[in-house]
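Please look over the model shown here before reading on. The report below takes its parts in turn.

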Amino acid sequence: MKKQEEVTSVQAAPQAAAAPEAVSAPAPASAPAPAASAPAHSRGDDRGRRPPRRRERDRDAGPAPEFEERVVAINRSAKVVKGGRNFSFSALVVVGNRKGRVGVGFGKANEVADAIRKGGEKARKSLITVPLRLHTLPHPTHADFRGGQVMIRPASTGTGLIAGGSMRAVLELAGVQDALAKSLGSSNPVNVVKATVAAILKLRTRDEILAKRGLTTL
């Protein structure tokens with residue numbers, strides 16, 4: 001009996017000693033897997049993304065408009081009323097396709113942007129055709145509008161467009177590349193631009209002059 005009890009106590013001793021270790025030392029939890037660092041460009045926002053280049057922006061913007069618009073002059077006027085001053089704006093706008101089509105418009109509004117928009121709309125409704133001979137005009141011409149007087153002459157290739165600010169805007173957008181122009185009267189942009197348009201309307205091509213004279217050749 002004593003031998004059996006000793007054997008039993010010896011076999012139970014290691015189990016009793018191992019039990020506290022199992023209780024006191026819990027199994028270590030599995031460490032979480034390290035998260036993969038996401039690249040900066042994969043986030044929801046645009047942080048870290050290269051801004052688009054100018055060529056890409058121009059390509060995404062779509063085709064260029066047919067007519068180019070240029071503001072020649074903006075005038076502000078004020079009306080004195082009981083509560084203060086009421087301002088209004090007027091804008092002189094020239095549009096053209098640089099291929100023989102040009103128009104002039106004069107818009108008025110209480111805001112500058114609205115005045116420019118109205119001037120552009122009126123200019124597109126009053127387009128005229130400019131008879132060109134290569135990159136210049138077919139013959140000299142002059143015209144006047146109220147106080148404005150202008151003179152325009154053709155020039156040889158390579159001369160360039162020699163003209164003042166108001167006249168230059170009309171002739172450039174009309175497609176004239178070589179010409180000599182001079183303003184002889186008032187410097188008011190409205191009068192100068194309208195005198196330039198009146199001079200363009202006097203231009204005639206060679207075929208038109210021959211047809212008017214009833215000739216086929218000179």
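## Basis of the model

This is a predicted model: local features need pLDDT of at least 70, side-chain atom pairs count only at pLDDT 80 or more, and totals for chains, interfaces and linings use all residues. Residues are numbered from 1 along each chain as its sequence is written, and side-chain values use heavy atoms, with hydrogens and water left out.

Helices (H or I, at least four residues) and strands (E, at least two) are DSSP runs, numbered from the N terminus.

## The open sheet

Four strands make up an open sheet, ordered S5-S6-S8-S7, with mixed pairing. Its edges are strand S5 (141-145) and strand S7 (161-162), each of which pairs on one side only. Two strands count as paired if DSSP finds at least two bridges between them. Strands of a sheet pair through backbone hydrogen bonds, either parallel or antiparallel.

S5 and S6 are antiparallel and share five bridges. Within this pair, His-142 has Met-151 of S6 as its bridge partner. The S5-S6 hairpin has two residues between the strands, and Arg-146 there takes a positive phi near 55°. Leu-161 is partnered by Ala-179 in S8. Helix H5 (residues 189-201) packs on the sheet and touches S5, strand S6 (148-154) and S8. The direction of H5 makes about 140° with that of S5. Axes here are lines fitted to C-alpha atoms, for helices over the stretch in contact, and angles run from 0 to 180 degrees between N-to-C directions.

## Nonpolar cores

A nonpolar core is a set of buried Ala, Val, Leu, Ile, Met, Phe, Trp, Tyr and Cys residues joined through side-chain atoms within 4.5 Å. Buried means under 20% relative accessible area, exposed over 50%, and partly exposed in between (1.4 Å probe, protein chains only).

The largest nonpolar core holds 27 residues. Val-102, Ile-152, Met-167 and Leu-171 have the most contacts inside it. At least two residues each come from strand S2 (84-96), strand S3 (101-109), S6, H4, S8 and H5. H5 contributes the most, with six residues.

What does Ile-152 touch, not counting residues up to four places away in sequence? The list includes Leu-137, Pro-140, Met-167, Leu-171, Leu-180 and Ala-199. Contact means heavy atoms within 4.5 Å.

## Two buried loop residues

Val-176 sits in the loop between helix H4 (165-174) and strand S8 (179-183). Val-176 counts as buried because its relative accessibility is 3%. Beyond its neighbours within four places in sequence, Val-176 contacts Leu-132, His-135, Thr-136, Leu-137, Leu-161 and Leu-171. His-135 is 41 residues from Val-176 in sequence, yet their C-alpha atoms are 5.5 Å apart.

Thr-136 belongs to the loop between strand S4 (128-129) and S5. Thr-136 is also buried, at 7% relative accessible area. Its side chain reaches the backbone nitrogen of Ala-155 at 3.2 Å. With neighbours within four places in sequence set aside, Thr-136 is in contact with Pro-154, Ala-155, Val-176 and Asp-178.

## Salt bridges

A salt bridge is a side-chain nitrogen of Lys or Arg within 4 Å of a carboxyl oxygen of Asp or Glu. By this rule there are seven salt bridges. One network of them links Glu-68, Arg-70, Arg-98, Arg-168 and Glu-172.

Arg-70 meets Glu-68 at 3.7 Å, N to O. Both are partly exposed: Arg-70 has 25% relative accessibility, and Glu-68 has 33%. Arg-70 also forms a salt bridge with Glu-172, at 2.8 Å, N to O. Glu-172 lies in helix H4 and Arg-70 in strand S1 (residues 68-81), so this pair ties together parts that are 102 residues apart in sequence.

Is Glu-172 buried or exposed? Glu-172 is buried, with a relative accessible area of 19%. Arg-168 forms a salt bridge with Glu-172 too, with the closest N and O atoms 3.0 Å apart. Both residues lie in helix H4, four residues apart, about one turn of the helix. Arg-168 is partly exposed, at 31% relative accessible area.

Key
A polar contact is a pair of N or O atoms within 3.5 Å; within protein, one must be able to donate a hydrogen and the other to accept it, and residues adjacent in sequence count only if both atoms are side-chain atoms.
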